[in-house]
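Thanks for coming, everyone. Let me put the model up, and then we'll go through a sheet and a pair of helices.

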Amino acid sequence: MGTTEEIREFLTTRRAKVTPERAGLPTFGRHRRVAGLRREEVALVAGISVEYYTRLERGNARGVSDEVLDAVSRALQLDEAERAHLLDLVRTANEERLPRRAVVPQRVRPGIARILDAMSDVAAFVHNGRLDILYANGLAAALHSEQDRDAVRPPNSARFLFLDPRARTFYADWETVAHDVVAALRGEAGRNPYDRALSDLVGLLSTRSDEFRVRWASHDVRFHRSGTKRFHHSLVGDLTLAYESLDLPADEGLTIVTYSAEPGSASETRLRELARWSATRAKLTEAEATTPA
């Protein structure tokens with residue numbers, strides 16, 4: 001899908017989510033053919049002409065000012081992630097030629113790896129915008145041991161989520177995680193529309209997973225910065241962990257993700273059990289590597 005179609009689909013789906021009541025507009029009891037706002041209502045709330053908004057929604061974003069985008073964002077009640085996504089799409093539409101995109105590093109710097117390895121009680125890993133896991137400390141590797149069985153390297157969270165049946169057991173809230181992962185990938189597609197590897201991933205998932213394809217068509221986006229996830233690990237059982245996402249300014253496109261347990265909780269006890277198992281496995285692996293054949 002080209003940028004014109006992306007803008008059209010995104011604005012159309014956002015407009016469908018806002019009712020006249022939410023926008024503070026009268027309905028006069030008339031029968032409406034659309035669930036959300038009409039184009040002319042968006043234009044009215046945004047303070048622009050219907051013709052101008054119609055041109056924008058049709059994907060013609062050439063020369064659209066930030067002030068107009070701000071007004072449209074307010075009219076459609078876009079959140080921070082949605083507004084950023086709209087700006088990314090419009091930026092791409094206004095580029096005269098394909099941008100010379102910086103190559104996202106696919107290897108984690110040794111200094112970052114040392115920091116992650118020092119987090120013995122916290123599961124920590126680094127991923128890129130496509131959700132490829134590029135490095136994981138021992139505890140994160142143990143937490144995601146099912147995902148790490150994927151023969152395709154590097155392991156990818158979206159691929160595991162939608163193509164591996166074990167993911168439905170591993171993620172206690174699979175539906176929520178699925179929505180968040182697709183929304184994160186949709187945002188990444190807006191930021192980096194010419195990422196061939198991302199396009200290939202979306203194509204693979206769209207071909208092999210109906211559930212991914214339906215969610216992708218919704219055009220939802222969101223920032224995945226912090227929250228709580230529930231897991232069911234085959235070794236230690238149920239875990240409820242808080243996650244934090246930290247961008248690496250020196251490595252554009254890479255993010256550290258950490259998972260930690262509430263002090264004194266059952267999840268903390270189980271996470272420590274998993275950490276001990278991980279440490280034992282690491283020692284056995286090291287011993288096997290140093291034992292003469």
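Which residue in strand 4 is the bridge partner of Phe 231? It is Leu 239. A word on the source: this is a predicted model, where local features need pLDDT of at least 70, side-chain atom pairs count only at pLDDT 80 or more, and totals for chains, interfaces and linings use all residues. Residues are numbered from 1 along each chain as its sequence is written, and side-chain values use heavy atoms, leaving out hydrogens and water.

Now the sheet. Helices (H or I, at least four residues) and strands (E, at least two) are DSSP runs, numbered from the N terminus. Strands pair if DSSP finds at least two bridges between them. Five strands form an open sheet, in the order 2-1-5-4-3, with antiparallel pairing. Strand 2 (133-136) and strand 3 (226-233) are the edges, each pairing on one side only. From one strand to the next, the twist averages 30 degrees. Angles here run from 0 to 180 degrees between N-to-C directions, with axes fitted to C-alpha atoms, for helices over the stretch in contact.

Strand 3 pairs with strand 4 (residues 237-247) over eight bridges, in the antiparallel sense.

Next, the helices. Helix 1 (residues 3-17) packs on helix 4 (residues 50-57) at about 120 degrees, axes 8 Å apart. That angle makes helix 1 oblique to helix 4; oblique is what remains after roughly parallel (under 35 degrees), roughly antiparallel (over 145) and roughly perpendicular (65 to 115). In contact (heavy atoms within 4.5 Å), helix 1 uses Ile 7, Arg 8, Leu 11, Thr 12 and Arg 15, and helix 4 uses Tyr 53, Leu 56 and Glu 57.
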